[in-house]
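Me: I should like to go through this structure with you. Please begin with the terms.

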Amino acid sequence: MKIQTLKVVKKKSILLNPIGFLSIFYSYIGWPSLVVYLIALMKTRLVLPVFDWMILICLGLLFVYSVFYSGIVESLVVFRFHWGFLFFYLFFRNKTHLYGFRNLLVVLVLLTIIEGILVNSVISAVSLPNYPSADAFTHFSDVWQRAYSFGGNASVTGVLLVSILSIIQPTLMIGFGVFVAMIFVGSGSGGFAYIAYIAYRFVNSSLKRVLQLIVVIIFSAFLVYLLREFQLFSKLSFEYVSFLIELKQSQIDQHVSKMNNFELLMGTSKSSNLGGDFLWLTFFVSQGALGVILMAFFALGRINRINAFGIFIIFIMTLHYFVLFSLPGQFIAGYLFAMKSQINTLRKR
C-alpha cells in the first residue's frame, strides 16, 4: 500500500521579493516603486478561471471607453489608482502558499514602533519621505506625533496592520506588538479595526484562546484610554461618526448632481476626482455604476472564511481613507483576494 506524504513548502520572505519590497516601502521610495505593476504582470501566468476573465474583459472595455473620454495618460492614472490591486491578485494566484505574511507583520510592527519613537524624540517627521510637506501643518504635532509608517498615513497603516493580523495565527506577543503599534499610530480607524478584530476572534475562537483574548481585550481598553488622553478618542465617538455621515451625504449630493446620466453609468475617469476623504464616492465618480458593479462582483466572488475579515475591514475603511487605493494596500488586498478557502493556508503564514 502506497503511503502519501504531505509536502511541506518552506515559506519565502515576501520582502526579499522585489514586488513585496517596492510595494510595502512605496511611501519611502516614491514614484520609482510604480514599476512594481510591470514586474508583477511579467511574473503572472494568465491562466485564469472564466470568472476572472469576464471581470478583466469588462474592465478592459471600461478602460477603452475611458481612453476615448479622458485620454490615455489620465485613464492610466485613474485605473492604476483604483484597480492596481488586480496586478497583485494575478501575481499571487496559486502562489499564496509560497509566501508567509507572519514575518512581514513582525517587520511592519517593529518599523512602526521604531518610527513612532524616533519622530517623538530625535527625528522631525517633516524630514521623512512618508509624511506630507511642512505646509500640511495639521499632520504634525509637538505633543504626540503619530507614526505614518509604511502606509504613508496613520489610518492606512493601522488598518493594514490589522488586515494582516487577521490572516495569521497570532501569538500573544504578536497581538501585543500590534497593540503597541496602534498606540504610536494613534488612529481612530486603526483602533476601531483592532477592536473589531478582537471581537471577531472572540466569536470564532476555541475555548483555550478565551484567556488570551481577555488579555488582549484589556490591552484594547488601555488603547482606548490612551486615545482619550491624547485627544484622539473623539474620532471613535458617536458625535464624530454623526458628523461624518452628514458630511458624506452632502458630498454625495454635491458630486452626483454634476454628473449626467451617461457619466453616472460609465464614470468620468478624471484624475482630479482621485483622493479626498470619501474614497468610494470618488471611485463612483471616476468609474461609474459599472465600475461599482465590477468591484462588487469581483470582491464577492473572492471572499471566503479565511480572508473575509481582512477584505471587509479594508473596504469599510476605504470609505474615509485611501486604504485599498494605496500601493501597500493594493499589495495586501491582492494577496487576500488570492487566498484559497483552505484551513492549511492559515497555518504558519
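Reply: A residue is called buried when its relative accessible area is under 20%, exposed when it is over 50%, and partly exposed in between (1.4 Å probe, protein chains only). This is a predicted model: local features need pLDDT of at least 70 and side-chain atom pairs count only at pLDDT 80 or more, while totals for chains, interfaces and linings use all residues. Residues are numbered from 1 along each chain as its sequence is written, and side-chain values use heavy atoms, with hydrogens and water left out.

Me: Then S70: buried or exposed?

Reply: S70 counts as buried, because its relative accessibility is 15%. The residue belongs to helix 4 (residues 50-70). Helices here are DSSP runs of H or I with at least four residues, strands are runs of E with at least two, and both are numbered from the N terminus.

Me: Which backbone oxygen does its side chain reach at 3.0 Å?

Reply: The side chain of S70 comes to 3.0 Å from the backbone oxygen of T268, and to 3.1 Å from that of S269. Both are polar contacts, meaning pairs of N or O atoms within 3.5 Å; within protein, one atom must be able to donate a hydrogen and the other to accept it, and residues adjacent in sequence count only if both atoms are side-chain atoms.

Me: And what is S70 in contact with, apart from its neighbours within four places in sequence?

Reply: S70 is in contact with S75, T268, S269 and K270, where contact means heavy atoms within 4.5 Å.

Me: Stepping back, how many helices and strands are in the chain?

Reply: The protein chain has 16 helices and two strands. Of its 349 residues, 49% are buried. Among contacts with a separation of 6 or more, 74% are between residues 24 or more positions apart.

Me: On to charges. How many salt bridges does a search of the whole structure find?

Reply: The search finds two salt bridges, a salt bridge being a side-chain nitrogen of Lys or Arg within 4 Å of a carboxyl oxygen of Asp or Glu. In one, the side chains of D52 and R93 meet at 3.7 Å, N to O. This pair links distant parts of the chain, 41 residues apart: D52 is in helix 4 and R93 in the loop between helix 6 (85-92) and strand 2 (99-100).

Me: What does R302 form a salt bridge with?

Reply: R302 pairs with D52, their closest N and O atoms being 2.7 Å apart. R302 is in helix 14 (residues 279-302) and D52 in helix 4, 250 residues apart. Shared partners join D52, R93 and R302 into one network. R302 and D52 are both buried, and R93 is buried as well.

Me: What about R146, which has no salt bridge? Where does it lie?

Reply: R146 lies in the loop between helix 7 (102-119) and helix 8 (154-165). R146 is buried, and the nearest side chain of opposite charge, that of E115, is 10 Å away. For charge, Lys and Arg count as positive and Asp and Glu as negative; His and the chain ends are not counted. A polar atom of the R146 side chain lies 3.2 Å from the backbone oxygen of G186.

Me: Now helix 16. How far apart are its end C-alpha atoms?

Reply: The end C-alpha atoms of helix 16 (residues 327-338) are 17 Å apart, which agrees with the 16 Å that its 12 residues should span. The expected span is 1.5 Å times one less than the number of residues. Helix 16 is mostly covered, with 12 of its 12 residues buried. S326 caps its N-terminal end, a side-chain oxygen lying 3.0 Å from the backbone nitrogen of G329.

Me: Lastly, which residues does M317 touch?

Reply: Not counting residues up to four places away in sequence, M317 touches V159, S189, F192, A193 and V323. M317 is in helix 15 (residues 308-317) and is buried, with a relative accessible area of 8%. The C-alpha atoms of M317 and A193 are separated by 8.4 Å, although the two residues are 124 residues apart along the chain.
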